[in-house]
Amino acid sequence: LGKIKRIWWQISGLILFNFPFIGQLTLPWLPVPVLNCYSCPLALSACPIGTIQHFLVIGAIPIFTVGIILLFSTIAGRFYCSHLCPFGFLQDLLARITRHKVRIPNFLGYGKYAVLIITVILLPPLLKEPFFCTLCPAGSIEAGIPIVLQAWFKEHFAEPNLFSNVGGILSMIGWWFWFKIALLVAILITAVFIKRPFCRTACPLGALLGIFNRISLFFTHPGIKSDKRNRYYLRTCPVGITNPRDVDSHNCIKCRECHHPPDKKN
Amino acid sequence: MALLKNKLFYQILLLALSVSLIITGVMMKEMPEVISNAKTLCFWCIGLK
């Protein structure tokens with residue numbers, strides 16, 4: 001498995017979680033360990049963050065979903081972030097635009113825990129709405145833009161249909177939609193200059209998966225020893241880890257790129 | 001004390017905890033709620049608040 005290039009894993013993840021040929025929501029009962037919006041017209045299964053918020057909104061504890069996330073986390077930690085997450089893949093692609101990168105302070109890595117506690121756990125039961133979803137950039141790009149575009153095309157180019165609700169969707173577009181799009185654009189522009197900014201500072205799913213990153217069953221890195229065999233090549237780290245002791249920390253996405261010497265061209 | 005320093009101990013503990021949570025969730029009939037939520041169009045995700 002380690003010999004397959006990460007980009008092929010990411011392309012496979014994108015297709016697997018948004019498989020257009022087997023229909024929408026084939027596995028609606030399974031919250032997957034990637035940030036993939038379940039309102040996306042091509043989505044395969046449920047978003048764990050959306051599911052957790054829904055249960056908190058209705059005043060229930062999401063025992064099943066927490067169990068699934070804990071299981072995924074125990075098996076491979078944040079491996080899914082680097083190899084399967086479509087939104088992480090998009091940020092990796094944007095990072096290829098320029099090699100000039102801006103470093104961010106390490107403490108910002110704890111921002112994702114603040115996002116998890118405030119927007120996923122505390123606010124949804126108080127406001128009675130899935131608050132993180134109202135801001136989620138993955139929701140904007142995977143559900144917001146395609147559904148609104150679909151409605152717009154149907155209204156302008158399709159045969160009129162009395163029972164269609166496309167007009168309803170278009171009439172509901174307000175300032176919040178444009179705010180959410182602006183937030184998405186800001187994150188995507190930031191991703192050109194900062195490596196994976198959303199994954200490192202704001203992803204609540206990354207926060208959950210990262211809790212047990214150091215003790216996951218698979219894909220943990222060998223410990224640091226004095227011999228050179230365990231040297232890490234951190235210059236190309238996609239999350240900007242610079243200290244070898246931070247490998248396998250909550251910020252590490254287990255891409256294993258630090259195992260190989262970087263290409264001389266880089 | 002040696003057990004508490006063993007990574008395998010925590011891995012087994014976490015696996016057992018996660019499997020028991022999943023089984024508890026299934027027994028408490030959470031699945032239909034997960035499915036119905038996933039199949040409902042999330043207007044917040046789209047940005048139509």
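**Entry 1: cavities**

I looked up the largest cavity and found about 90 Å³ of space in it. I noted that this is a predicted model, in which local features need pLDDT of at least 70, side-chain atom pairs count only at pLDDT 80 or more, and totals for chains, interfaces and linings use all residues. Residues are numbered from 1 along each chain as its sequence is written, chains are lettered from A in the order in which they are written, and side-chain values use heavy atoms, without hydrogens and water.

A cavity is a set of points on a 1 Å grid over the protein atoms alone where a 1.4 Å probe fits but cannot get out, and lining residues have an atom within 4 Å of a point. Volume is the space filled by probe spheres set on the points, which are joined across faces, edges and corners.

The largest cavity is lined by 15 residues, and closest to its centre I found Leu35(A), Cys81(A), Cys85(A), Cys199(A) and Cys203(A). By class, its lining has 11 nonpolar, three polar and one charged residues (Ala, Val, Leu, Ile, Met, Phe, Trp, Tyr, Cys and Pro are nonpolar; Asp, Glu, Lys and Arg charged; the others, with Gly, polar).

**Entry 2: a helix pair**

I then took helix 8 (residues 137-157) and helix 10 (residues 175-193) of chain A, whose axes come within 9 Å and cross at roughly 125 degrees. Helices are DSSP runs (H or I, at least four residues) numbered from the N terminus; axes are lines fitted to C-alpha atoms over the stretch in contact, with angles from 0 to 180 degrees between N-to-C directions. In the contact (heavy atoms within 4.5 Å), I counted nine nonpolar, three polar and one charged residues.

Methods. On a 1 Å grid over the protein atoms alone, a cavity is a set of points where a 1.4 Å probe fits but cannot get out, and a pocket is an open set with protein on both sides within 12 Å along at least five of seven lines; lining residues have an atom within 4 Å of a point. Helices (H or I, at least four residues) and strands (E, at least two) are DSSP runs, numbered from the N terminus.
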